[in-house]
Structures are given as structure tokens and as C-alpha cells.
Amino acid sequence: FGEPPSSVIGLIDIALFRSRAAANGIYEITQSGKTLLIKVTEFREEQFAKLCDGLSGRVFLKVTDKPCYQVRLKDGQSVLAALKEIAQLL
């Protein structure tokens, strides 16, 4: 029937990311302006180091009652593109 529409491919990408995120202790991702807030069940030093190395100064650790990684989007970067970038690092 031909190639699936880009919206279907986007949904598949999101489902794959959710699966990978859950396996890495990520339970919630929200957006606040140009920042993604990635909430994790526990701080994992190796995971945070990979994100720091791969995202070149765009990731920060925020600790309240649960740890949270803050990832700044690049100028003009879509959320889906940022999630793909993060998924490659996990």
C-alpha cells in the first residue's frame, strides 16, 4: 500500500522511545518552553554522563523529591528530533 504517512512514522518513533525510556528508568517527559524535563526513578551516574557527553552542555540535573534531567532544545529543534537524539545516547 505504499509508504506510511509521516504521522504514522512519528507515532512509531514515539512508541519505540517510550519503550527505551521505560527500560532506562524514565517515567515522565514534559516540555517547558525550550526545555525537556526528563523525570527518572533514580539517578544513574553513567546515564547522566552519557547524556552530558552527547548533548554538549545542554543537559542539567535538577534534584527535588525525584531526580530530573533538564535538556535544552537546540535552536529550531523539534521535540521529536531531541527525543531521537536522547534515545541514541541511552
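# A walk through the predicted model

Isoleucine 12 sits in helix 1, which covers residues 6–23; helices here are DSSP runs of H or I with at least four residues, strands are runs of E with at least two, and both are numbered from the N terminus. The model is a predicted one, in which local features need pLDDT of at least 70, side-chain atom pairs count only at pLDDT 80 or more, and totals for chains, interfaces and linings use all residues. Residues are numbered from 1 along each chain as its sequence is written, and side-chain values use heavy atoms, with hydrogens and water left out.

Isoleucine 12 has a relative accessible area of 47% and is therefore partly exposed, a class that lies between buried (under 20%) and exposed (over 50%), with a 1.4 Å probe and protein chains only. Together with Val8 and Leu16, Ile12 makes up a nonpolar surface patch of about 260 Å² accessible area. Patches consist of residues with over 30% relative accessible area and no salt bridge, where like charges are joined within 9 Å and nonpolar side chains (Val, Leu, Ile, Met, Phe, Trp, Tyr) within 5 Å. The areas come from the Shrake-Rupley method with a 1.4 Å probe, and for residues only the protein chains shown count as cover.

As for the overall layout, the protein has 3 helices and 4 strands, in the order α-β-β-α-β-β-α from the N terminus on. Its C-alpha trace spans about 50 × 30 × 20 Å along the principal axes. Of the 90 residues, 32% are buried. The protein exposes about 5900 Å², and carbon and sulfur atoms supply 55% of that area. Among contacts with a separation of 6 or more, 52% are between residues 24 or more positions apart; a contact means heavy atoms within 4.5 Å.

The interior comes next. A nonpolar core is a set of buried Ala, Val, Leu, Ile, Met, Phe, Trp, Tyr and Cys residues joined through side-chain atoms within 4.5 Å. The largest such core has 18 residues, and those touching the most other members are Leu36, Ile38, Leu51, Val59, Tyr69, Val71 and Ile86. At least two residues of this core come from each of helix 1, strand 2 (35–40), helix 2 (45–54), strand 4 (67–72) and helix 3 (79–89). Helix 3 gives the largest share, 4 residues. Leucine 51 is in contact with Val59, Tyr69, Ile86, Leu89 and Leu90, leaving aside its neighbours within four places in sequence.

Helix 3 has Ala82, Leu83, Glu85, Ile86 and Ala87 as its buried residues. Their cover includes helix 1, strand 1 (26–32), strand 2, helix 2 and strand 4.

Tyr69 also belongs to one aromatic cluster with Phe43 and Phe48. Rings of Phe, Tyr and Trp (its six-membered ring) pair if their centres lie within 6.5 Å; planes under 30 degrees apart count as stacked, over 60 as edge-to-face and the rest as tilted. There are 2 aromatic pairs by this rule. Phenylalanine 43 and phenylalanine 48 have ring centres 5.7 Å apart and planes at 55°, so they form a tilted pair. Phenylalanine 43 is partly exposed at 37% relative accessibility, whereas phenylalanine 48 is buried at 16%.

Charged side chains complete the picture. Side chains of opposite charge can pair when their charged atoms come close. A salt bridge is counted when a side-chain nitrogen of Lys or Arg is within 4 Å of a carboxyl oxygen of Asp or Glu, and the model has 6 of them.

One of these joins lysine 50 to glutamate 46, with the closest N and O atoms 3.7 Å apart. The two residues are 4 residues apart in helix 2 and so are separated by about one helical turn. Lysine 50 is partly exposed at 39%, and glutamate 46 is exposed at 59%.

Another salt bridge runs between arginine 58 and glutamate 85, at 2.9 Å from N to O. It links distant parts of the chain, 27 residues apart: arginine 58 is in the loop between helix 2 and strand 3 (59–63), and glutamate 85 is in helix 3. Both are buried, arginine 58 with a relative accessible area of 10% and glutamate 85 with 18%.

Glutamate 85 also forms a salt bridge with lysine 74, the closest N and O atoms being 3.7 Å apart. Lysine 74 lies in the loop between strand 4 and helix 3, 11 residues from glutamate 85, and is partly exposed at 44%. Through shared partners, salt bridges join Arg58, Lys74 and Glu85 into one network.
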